[in-house]
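Work through these exercises with the structure open beside you. Try each task before you read its solution.

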Amino acid sequence: MCSFKAVAVLLMALADIGLQTTAQAQAPGAMVGGTAHLVIYHAEARRSERIVWLAEELGIPYELKYRRGDVAGSFADIRKVNPGMGVAPTVIYDGQLLVESGAIIQVMLDREGKGRLVPKLKSPDYGTHMMFMHYAEGTLAADVVADYRTAMATGGKAPRDKETDGQRAMRYANDYLATHKYFGGSEFSAADIMMLFPTAYAIRMNVADPSKYPNVIAWQDRVQERPAFKRMLAAARPDGRVSPPPALKVE
Ligand SMILES: N[C@@H](CCC(=O)N[C@@H](CS)C(=O)NCC(=O)O)C(=O)O
């Protein structure tokens, strides 16, 4: 008993040392080591799903870290690894701590994509693929989240009168899909992985009225049928959405 207790105390002390090591603020992009080639710090139904989805599409092995059913706990763990910017996704990729899902996806494609999920460089599809790779966070997510926060701060009512910036961004995406199957043109690309989160957020939170964006809805259904997406769901969202923020009220 006594020696078991001593070992337990020693293990706790070692764990504590490990915790302190990782809890020290890391410089952005710091090399931090680690055992796995790709470690994804995740919280259920958050943007970190994009990285899991891409890894599944490309067949990149990964270690997924989150507390099942405990989004707050998952974020607490992320902050231990990355106290300066405790966001999902945070990853350790090739020993380097990285944030910003679009950038992480780009680095993964450059290093391991072998041309997959990116249109040919000289094709017009490449231009729109890159546009939507960045539009997803730079315009759509930024505008839709701003709409949501503005509405929450002013009574929680879904905006349904004058077109908001987030709705404009949804309309532009919907217009593109009127003539293209995917955001990278005719083939599924990483731009589709980037675009799913903010389009789904816009609809789910009632920022945008789904009846106005039928092409987006059809595209969402299409991409969510992909086997890699379903593998992502099984690994990263096994119990559905956990602790979702409240949707705006539709009157
Ligand atoms: N632009 C970043 C956004 C990351 C982000 O804000 N993620 C959310 C989860 S979907 C988060 O971590 N929120 C918690 C926080 O900001 O403290 C990306 O695409 O990775």
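**Exercise 1. A helix and its partners**

Which helices do the buried residues of α6 pack against?

Solution. Remember that this is a predicted model. Start with the residues themselves. The buried residues of α6 are Gly166, Gln167, Ala169, Met170, Ala173, Tyr176 and Leu177. Now look at what they pack against. The partners are α5 (124-153), α7 (190-204) and α8 (214-223).

**Exercise 2. Checking the span of a helix**

**Exercise 3. Valine 216**

Is valine 216 buried or exposed?

Solution. First find the residue: valine 216 lies in helix α8. Next take its neighbour count. Valine 216 has 24 C-beta neighbours inside 10 Å. The cut-off for buried is 20 or more. Valine 216 therefore counts as buried.

Then list its contacts, leaving out residues up to four places away in sequence. Valine 216 touches Met170, Ala173, Asn174, Leu177 and Thr199. Take one of these and compare sequence with space. Valine 216 and alanine 173 are 43 residues apart in sequence, yet their C-alpha atoms are 7.2 Å apart. Alanine 173 is itself one of the buried residues of α6.

**Exercise 4. Arginine 149**

Decide whether arginine 149 is buried or exposed.

Solution. Arginine 149 is found in helix α5. It has 10 C-beta neighbours inside 10 Å. The cut-off for exposed is 12 or fewer. Arginine 149 therefore counts as exposed. Now compare sequence with space again. Arginine 149 and leucine 248 are 99 residues apart in sequence, and 9.8 Å apart from C-alpha to C-alpha.

**Exercise 5. Two helix pairs**

Describe how α5 packs with α7, and how α2 packs with α9.

Solution. Two packed helices are described by the angle between their axes and the distance between the axes.

Begin with α5 and α7. Their axes are 8 Å apart, at an angle of about 20 degrees. Angles under 35 degrees count as roughly parallel, so α5 and α7 are roughly parallel to each other. The crossing of α5 past α7 is left-handed. On the α5 side, the contact is made by His129, Phe132, Met133, Ala136, Leu140, Ala141 and Val144. On the α7 side, the residues are Ala190, Ala191, Met194, Met195, Pro198, Tyr201 and Ala202. Sort this set by type: 13 are nonpolar, one is polar and none is charged.

Turn to α2 (residues 49-58) and α9 (residues 227-236). Their axes come within 8 Å and cross at roughly 130 degrees. The two helices are therefore oblique to each other. The crossing of α2 past α9 is right-handed. From α2, Glu49, Val52, Trp53, Glu56 and Glu57 make the contact. From α9 come Ala228, Phe229, Arg231, Met232, Ala235 and Ala236. This contact has seven nonpolar residues, no polar ones and four charged ones.

**Exercise 6. The whole chain**

How many helices and strands does the protein chain have?

Solution. Count by type: there are nine helices and four strands. From the N terminus, their order is α-β-α-β-α-β-β-α-α-α-α-α-α. Of the 251 residues, 36% count as buried.

How values were computed
Residues are numbered from 1 along each chain as its sequence is written. This is a predicted model: local features need pLDDT of at least 70, side-chain atom pairs count only at pLDDT 80 or more; totals for chains, interfaces and linings use all residues. Two residues are in contact if their C-beta atoms, placed from the backbone, lie within 7 Å. Axes are lines fitted to C-alpha atoms, for helices over the stretch in contact, and angles run from 0 to 180 degrees between N-to-C directions. Angles under 35 degrees count as roughly parallel, over 145 as roughly antiparallel, 65 to 115 as roughly perpendicular and the rest as oblique. A crossing is left-handed if the near helix is turned anticlockwise from the far one by less than a right angle, and right-handed if clockwise. Ala, Val, Leu, Ile, Met, Phe, Trp, Tyr, Cys and Pro count as nonpolar, Asp, Glu, Lys and Arg as charged, and the others, Gly among them, as polar.
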